[in-house]
Amino acid sequence: MSELETPYIRIGGEQAVRQLTKTFYQIMSETAQTKLIRDMHPDDIAVSEEKLYLFLTGWLGGPQLYTDKYGHPRLRGRHLPFSIGLEERDQWLYCMAQALATLHLDTLFAEQLMGSFAQTANFMRNREETTS
Ligand code: HEM
């Protein structure tokens with residue numbers, strides 16, 4: 001494994017990121033326990049899926065597709081219209097963990113990715129809560 005290899009290459013490139021984002025929203029839509037965050041999204045999930053695909057491609061070290069199309073992600077700002085607390089964060093991470101598992105990645109690599117997703121999801125919280 002080359003040290004220069006990006007997570008994008010390592011995860012499996014375009015095809016894998018497509019599968020990940022598709023499965024992610026499929027799981028969100030099919031899981032009763034994640035209805036809270038599914039309901040924040042448009043009924044037609046295709047645009048959300050495409051945006052997440054474009055964003056994650058760059059986030060993983062691949063081509064900066066999202067930035068090329070939409071400019072700087074301002075991810076936290078774009079999430080401010082939605083109330084995101086511990087429950088919403090954990091629902092999002094649940095969907096991502098399940099979707100990631102379908103890629104059958106090396107365990108350590110998958111754990112590293114989930115660590116990065118957890119940090120980003122935590123940063124998206126914008127609701128005051130008494131516990132953390
Ligand atoms: C913490 C829980 C999170 C919730 C509840 C949440 C929810 C949402 C919602 C409701 C939208 C708007 C749907 C749309 O515009 O199609 C959205 C957009 C988006 N989310 Fe999240 N999100 C969360 C975390 C994350 C994380 C961790 C990432 C990245 C790793 C992310 C990436 C994006 C992107 C790229 C968009 C599209 C932004 C745009 O261009 O409008 N989200 N999210």
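Me: Where does His104 lie?
Reply: This is a predicted model, in which local features need pLDDT of at least 70 and side-chain atom pairs count only at pLDDT 80 or more, while totals for chains, interfaces and linings use all residues. Residues are numbered from 1 along each chain as its sequence is written. Helices (H or I, at least four residues) and strands (E, at least two) are DSSP runs, numbered from the N terminus. In these terms, the place of His104 is the loop between α7 (86-101) and α8 (107-123).

Me: Is His104 buried or exposed?
Reply: A residue is buried if 20 or more other C-beta atoms, placed from the backbone, lie within 10 Å of its own, exposed if 12 or fewer do, and partly exposed in between. His104, whose phi is near 50°, a positive value in a residue other than glycine, has 9 other C-beta atoms within 10 Å and therefore counts as exposed.

Me: In which loop is Arg74 found?
Reply: Phi of Arg74 is near 40°, again a positive value in a residue other than glycine. Arg74 has 10 other C-beta atoms within 10 Å, so it is exposed. Its place is the loop between α5 (65-70) and α6 (75-79).

Me: How many helices does the protein have?
Reply: Read along the sequence, the pattern is α-α-α-α-α-α-α-α. There are zero strands in the protein, and the number of helices is eight.

Me: What is the radius of gyration of the protein?
Reply: The globule rule, with the radius taken over C-alpha atoms, is 2.2 Å times the number of residues to the power 0.38. For 132 residues a compact globule would therefore have a radius near 14 Å, and this agrees with the value for the protein, 15 Å.

Me: Which helix gives the largest share of the shell around the ligand?
Reply: A residue is near a molecule if its C-beta atom, placed from the backbone, lies within 6 Å of it. Of the 22 residues around the ligand, Met40, Ser48, Lys51, Phe55 and Trp92 come nearest. The elements that give two or more residues to the shell are α4 (46-59), α6, α7 and α8, and the largest share, five residues, comes from α4.

Me: How far apart are the end C-alpha atoms of α4?
Reply: The expected span of a helix is 1.5 Å times one less than its number of residues. The 14 residues of α4 should therefore span 20 Å, which agrees with the distance between its end C-alpha atoms, 20 Å.

Me: Against which elements do the buried residues of α4 pack?
Reply: The buried residues of α4 are Leu52, Leu54, Phe55, Leu56 and Thr57. Two residues are in contact if their C-beta atoms, placed from the backbone, lie within 7 Å. Leaving aside neighbours within four places in sequence, Phe55 is in contact with Tyr66 and Pro73. Taken together, the buried residues of α4 pack against α1 (7-11), α2 and α5.

Me: What is the C-alpha distance between Thr21 and Glu50?
Reply: Thr21 is in helix α2 (residues 13-30), and because it has 23 C-beta neighbours inside 10 Å it counts as buried. Beyond neighbours within four places in sequence, Thr21 is in contact with Glu49, Leu52, Tyr53 and Leu56. Although Thr21 and Glu50 are 29 residues apart in sequence, their distance in space, C-alpha to C-alpha, is 7.9 Å.
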